[in-house]
Amino acid sequence: MAKFVYALNQSLDGYVDHREFRPNPALFRHFIEHVRDLTGMVYGRRMYEIMSYWDEDRPEDDAGEHDYATAWRSKPKWVVSRTLKSVGPNATLVEDDIEAVIRGLKARLVGEIAVAGPDLAGSLTDLGLIDEYRLYLSPIVLGRGKPFFSGPRPPLRLLASDRIDEDVIRLTYVPA
C-alpha cells in the first residue's frame, strides 16, 4: 500500500512560496535523493505548472539541477485539475473523482507518493488520505502567501524532527 506524504518548504510564519525558497546545495541534494526514492507524485494545477519547469533540459543547468530534472522526469505524476486540458510527459491528468483515483493509487502501488500543493493537500486531508506531513522549516518570515495548511490544521502527532542542513529543520507529523 502506498503512503501519501505532503511535504513543502515553509517559512517560520507558516507560508509556502516556491519563488522565495532557494535551497542551498545540501538541501537541494536532499531533495534530489528524496525524488529518486519516490514511487510518484500527485500535484495540484499550480504546483504542477511550477514543477513542469523540470521537463526540459537547459544548457545553463548545473550538475545538481540536471540530477534533479532527471529524477523528476523519471517519476509518474498525477495532476489534479479541472482547467488543464493536457499535461506533459510521464503525467496523467486527473479531472474527476479525485478520491477514487487517489484511493486506487494507494491500494495498487507500493512506496511513497509525494503530494504537492496546499489546496490539493487540504482536500486529501479532508478525505483522510494524507499519511504523513513534512514541514521543511526555513529561517525566513514571508508575512504573506499561501499557508502550508489551506484550511484548519488537522490533529497531528509529531513523529520526528531532523536537521536537514545548517538552516532547515524537517518536522514530520502523522494524523493524530
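Guide: In α1, the residues F28, R29, F31, I32, V35 and R36 meet G64, E65, D67, Y68, A71 and W72 in α3. Contact here means heavy atoms within 4.5 Å. The residues of this contact divide into seven nonpolar, one polar and four charged. Ala, Val, Leu, Ile, Met, Phe, Trp, Tyr, Cys and Pro count as nonpolar, Asp, Glu, Lys and Arg as charged, and the others, Gly among them, as polar.

This is a predicted model: local features need pLDDT of at least 70, side-chain atom pairs count only at pLDDT 80 or more, and totals for chains, interfaces and linings use all residues. Residues are numbered from 1 along each chain as its sequence is written, and side-chain values use heavy atoms, with hydrogens and water left out.

Now the geometry. Two packed helices are described by the angle between their axes and the distance between the axes. Helix α1 spans residues 25-37 and helix α3 spans residues 63-74. Helices are DSSP runs (H or I, at least four residues), numbered from the N terminus. The two pack at an angle of about 20°, with their axes 9 Å apart. Axes are lines fitted to C-alpha atoms over the stretch in contact, and angles run from 0 to 180 degrees between N-to-C directions. α1 and α3 are therefore roughly parallel to each other; that term covers angles under 35 degrees. Their crossing is left-handed: the near helix is turned anticlockwise from the far one by less than a right angle.

Terms used: Angles under 35 degrees count as roughly parallel, over 145 as roughly antiparallel, 65 to 115 as roughly perpendicular and the rest as oblique.
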